[in-house]
Amino acid sequence: ILMFILSAIFGDNIMKALWENIFKYWNKQENPTKAVLKQIPVFHELSDRQMREIENLCHKRRYKQGETVFKRLAPGEGMFIILSGTIEIFIEDENGNKKTLAVLNNGEFFGELSLLDSDIRSATAMATENSDLLAFLRPDLQSFSKRNPQTGNKILFNLAKVMAARLRKTSEQVSEKSAELV
């Protein structure tokens, strides 16, 4: 009955437009970039607005199979997030022998230490298949943190937690290897 009355007052076209706007976002899928960013621990507990700001700071980059993302000993500029594809992280000795440190896939990230300093990269990152990455660069984090200090601090605290977890894991691996040698 209410719909009949409103339709009589406002007309069918206005009611149709009203209902279209109400249900416009009913089945809308979340932006895939935003969905991946939400899974990255560095960005945990950020609001939708803050996440949109981070998404706008990220630089989408496409790498072909065999293309280098960054080389060992190059200055670090930021972290990378894998939207799709596979990235191999490796080092080479002076004879060119390659030692794979990690193989990373969709939703994983690497190079996060470079958000804190511009020291050199400790390994090479290369796409082992066509890959779409997001680059979150140190200068962007710095300018964002100046404009939004509270959110910037939250990101840095999350980054510290990620680095602590990775350091713990590395320490455990070194302890295990040391025990094997004894």
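**Entry 1. Overall make-up**

I counted the secondary structure first: the protein chain has 6 helices and 8 strands. Helices here are DSSP runs of H or I with at least four residues, strands are runs of E with at least two, and both are numbered from the N terminus. I then read the elements along the sequence and got the pattern α-α-α-α-β-β-β-β-β-β-β-β-α-α.

I note that this is a predicted model, where local features need pLDDT of at least 70, side-chain atom pairs count only at pLDDT 80 or more, and totals for chains, interfaces and linings use all residues. Residues are numbered from 1 along each chain as its sequence is written, and side-chain values use heavy atoms, with hydrogens and water left out.

**Entry 2. Confidence**

I looked up pLDDT, the predictor's confidence in each residue on a scale from 0 to 100. The mean for the protein chain is 88, and 84% of its residues reach 70 or more. Where in the protein chain is confidence lowest, and where is it highest? Helix α1 (residues 2-10) is lowest at a mean of 59, and β7 is highest at 98.

**Entry 3. Burial and contacts**

I took buried to mean under 20% relative accessible area, exposed over 50%, and partly exposed in between, with a 1.4 Å probe and protein chains only. Of the 182 residues in the protein chain, 34% are buried. For contacts I used heavy atoms within 4.5 Å. Among contacts between residues at least 6 apart in sequence, 71% join residues at least 24 apart.

**Entry 4. The four-stranded sheet**

I traced an open sheet of 4 strands in the order β2-β7-β4-β5, with antiparallel pairing. Strands count as paired if DSSP finds at least two bridges between them. β2 (68-70) and β5 (98-104) are the edge strands; each has a single partner strand, so one side of each lacks a neighbour in the sheet. From one strand to the next the twist averages 30 degrees; the axes are lines fitted to C-alpha atoms, for helices over the stretch in contact, and angles run from 0 to 180 degrees between N-to-C directions.

I followed β4 (residues 87-92) to both of its neighbours. It runs antiparallel to β5, joined by 6 bridges, and antiparallel to β7 (residues 124-127), joined by 4 bridges. Which residues does Glu 88 face? Its bridge partner in β5 is Val 103, and in β7 it stands opposite Met 126. Ile 89 stands opposite Ala 102 in β5.

**Entry 5. Strand β3**

I found β3 to be largely enclosed by the rest of the structure, because 5 of its 7 residues are buried. β3 pairs with β8 (residues 131-137) in the antiparallel sense over 6 bridges, and Ile 82 stands opposite Leu 133 in β8. β3 also pairs with β6 in the antiparallel sense, over 2 bridges; there Phe 80 stands opposite Phe 110.

**Entry 6. Aromatic rings**

I searched the whole structure for aromatic pairs and found 4. Rings of Phe, Tyr and Trp (its six-membered ring) pair if their centres lie within 6.5 Å; planes under 30 degrees apart count as stacked, over 60 as edge-to-face and the rest as tilted.

Phe 70 and Phe 80 form a tilted pair, 5.9 Å centre to centre with 40 degrees between the planes. This pair links distant parts of the chain, with Phe 70 in strand β2 and Phe 80 in strand β3 (residues 78-84), 10 residues apart. Phe 70 and Phe 110 have ring centres 5.8 Å apart and planes at 45 degrees, so this pair is tilted. Phe 110 lies in strand β6 (residues 109-110) and Phe 70 in β2, so the pair ties together parts that are 40 residues apart in sequence.

I record Phe 70, Phe 80 and Phe 110 as one aromatic cluster.

**Entry 7. Charges over rings**

I asked for NZ of Lys or CZ of Arg within 6 Å of a ring centre and within 35 degrees of the ring normal. The charged end of Lys 98 sits over the ring of Phe 90, 4.7 Å from its centre. The charged end of Arg 166 sits over the ring of Phe 109, 4.6 Å from its centre.
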